[in-house]
Amino acid sequence: MSSTILDTLVAEPPPLRLDDEGVVRIGGTRVTLDTVLLVFNRGCTAEEIVMKYPTLNLGDVYAVISYYLRHRTELDAYLDQRSRETTETRRFMEDRYPPDGIRERLLARKTP
C-alpha cells in the first residue's frame, strides 16, 4: 500500500454502547455484548451470529469479535461481572417468587 492510502484509513471504535442499566449493547440494537460473545465462544461464526440475531450488522459483529480478541482480559472480566449479577438477580427473584408449585398457584388464581 502506498502511504497516501494509509493516510486516509481511519480506525473506527467498536460499535459498543452502554445503556441506562449499565449493560453493553451492540450498535443501535438491543443485543448485548454478553450474548454475542457467549455464542462466539461456543463456536458460532460472525455470519451465524447475524443469522441468530438479524438486527445485528455483519460488520459490527466482526468489529466486536476483533475488539474482544484484542481486549480479552478486560471483556472476560466484564462478562464475569455480568454473570455474577445475573446469578444474584435470579436468586433474589427465586427467593421472592419461588418456582416450586408455580403451576398450582397459577391454576388456583384461574379458578373462581
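The legends below describe close-up views of a predicted model.

Residues are numbered from 1 along each chain as its sequence is written.

**View A. Salt-bridge network of Asp34, Arg82 and Glu85.** Asp34, Arg82 and Glu85 are linked in a network of salt bridges (a salt bridge is a side-chain nitrogen of Lys or Arg within 4 Å of a carboxyl oxygen of Asp or Glu). Asp34 pairs with Arg82, and the closest N and O atoms are 2.9 Å apart. Asp34 lies in helix H2 and Arg82 in helix H5, so this pair ties together parts that are 48 residues apart in sequence. Helices (H or I, at least four residues) and strands (E, at least two) are DSSP runs, numbered from the N terminus. Arg82 also forms a salt bridge with Glu85, with 3.8 Å between the closest N and O atoms. Arg82 and Glu85 both belong to helix H5 and are 3 residues apart, about one turn of the helix. Arg82 is buried, at a relative accessible area of 17%, and Asp34 is buried too. Glu85 is partly exposed because its relative accessible area is 34%, between the limits for buried (under 20%) and exposed (over 50%), with a 1.4 Å probe and protein chains only. Leaving aside neighbours within four places in sequence, Arg82 is in contact with Val23 and Asp34 (contact means heavy atoms within 4.5 Å).

**View B. Salt bridge between Asp19 and Arg25.** The closest N and O atoms of Asp19 and Arg25 are 2.7 Å apart in this salt bridge. Both Asp19 and Arg25 are buried. The count of salt bridges in the model is 3.

**View C. Aromatic pair of Phe40 and Tyr68.** The model has 1 aromatic pair. Phe40 and Tyr68 form this pair, which is edge-to-face, with 6.2 Å centre to centre and 85 degrees between the planes. Rings of Phe, Tyr and Trp (its six-membered ring) pair if their centres lie within 6.5 Å; planes under 30 degrees apart count as stacked, over 60 as edge-to-face and the rest as tilted. The pair links distant parts of the chain, with Phe40 in helix H2 (residues 33-41) and Tyr68 in helix H4 (residues 58-70), 28 residues apart. Tyr68 counts as buried because its relative accessibility is 2%.

**View D. Largest nonpolar core.** This core has 20 residues, of which Leu33, Val36, Leu37, Ile49, Leu56 and Val61 touch the most other members. A nonpolar core is a set of buried Ala, Val, Leu, Ile, Met, Phe, Trp, Tyr and Cys residues joined through side-chain atoms within 4.5 Å. At least two core residues come from each of strand S2 (24-26), H2, helix H3 (46-52), H4 and helix H5 (72-96). Leu37 touches Val64, Tyr68, Leu75 and Leu79, not counting residues up to four places away in sequence.

**View E. Nonpolar surface patch around Leu9.** Ile5, Leu6 and Leu9 make a nonpolar surface patch of about 290 Å². Patches are made of residues with over 30% relative accessible area and no salt bridge, with like charges joined within 9 Å and nonpolar side chains (Val, Leu, Ile, Met, Phe, Trp, Tyr) within 5 Å. Accessible areas come from the Shrake-Rupley method with a 1.4 Å probe; for residues, only the protein chains shown count as cover. Leu9 sits in the loop between helix H1 (3-8) and strand S1 (16-18). Leu9 is exposed, at a relative accessible area of 52%. Between Leu9 and Val39 the separation is 30 residues in sequence and 31 Å in space, C-alpha to C-alpha.

Terms used:
Predicted model: local features only at pLDDT ≥ 70, side-chain atom pairs only at ≥ 80, totals over all residues. Heavy atoms only, no water.
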